[in-house]
Amino acid sequence: QLEQSLIQQWISFADNEILPAACSWLFPCLGLMQFNKQSSKKAKEDIEKALQVLNNHLLTKTYLVDERITQADISVFCTLLSLYQHVLEPAFRKPYQNVNRWFTTLMHQPQFKAILGDVTLCDKMAQVDAKKFAELQKKGKDKVGKAKEEKQEKPKEEVNEELDETELVLAQEPKSKDPFEKFPKGSFNMDEFKRVYSNEPEKVSIEYFWNKFDKENYSVWFCEYLFPQELSLIFMSCNLITGMFQRLDKMRKNAFG
């Protein structure tokens, strides 16, 4: 149980302490992200701190947890891999001899080599390539534009699927009409009143209601529920009213309760 907790701790360390800083430092060098001097500087400092933590831990250990390779080693190794390949030049990684020993031990393991091949460590720190970033951005925009053009040019294919018996019956049923379609529209804006009611104090919403109410086309009803014992709490009433409006969906834009 303790071993599993320690493994999870190092996986979280890789995800939260190393990976964000690695991306902020590496991506501008690879042309994948626009360079930001302040972010890049902080990323380097964060990587140095993370390497120091690892270096201290590995002073008396061969691997991160126990005396064998675990998921902790695999996760941290994979997170550091691109850094060692592109930016951790000899002078930068020199103070972290314990981490270097651990990293090279893992990269020479047959299981690692079978997946990664021969890993070449960085000789010279990669620098920000603004030109490469601009080229990749242009290629990305060109691809998006081309995809949009192809989508617009592609003719719509006619669908001639045969309907089964159930679908035929449903297709022949007359479409339901809006029961309020033939009623006069009136001047009372129900949606606007609902917004005022939801966002303003009660005094303001009540005043709005009586000032705007269209008595020629709308009416106010007071209803008594047949089973008042079921309405002892406000939320019970709200649930019942909401349920009623769900069953009478056509009333939604023409009623309020």
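The model is predicted, so local features need pLDDT of at least 70 and side-chain atom pairs count only at pLDDT 80 or more, while totals for chains, interfaces and linings use all residues. Residues are numbered from 1 along each chain as its sequence is written, and side-chain values use heavy atoms, with hydrogens and water left out.

Arg-195 and Glu-192 form a salt bridge, with 2.9 Å between the closest N and O atoms. A salt bridge is defined as a side-chain nitrogen of Lys or Arg within 4 Å of a carboxyl oxygen of Asp or Glu. Arg-195 is partly exposed at 46% relative accessibility, and Glu-192 is partly exposed at 28%; this class lies between buried (under 20% relative accessible area) and exposed (over 50%), computed with a 1.4 Å probe on protein chains only.

The structure holds five salt bridges. One of them joins Lys-42 to Asp-46, whose closest N and O atoms are 3.0 Å apart. These two residues are separated by about one helical turn because they lie four residues apart in helix H2 (residues 37-57). Asp-46 is partly exposed, at 22% relative accessibility.

A further salt bridge links the side chains of Asp-66 and Arg-68, at 3.7 Å from N to O. Asp-66 has a relative accessibility of 41% and Arg-68 a relative accessible area of 42%. Together with Glu-3, Asp-66 and Arg-68 belong to a network of salt bridges.
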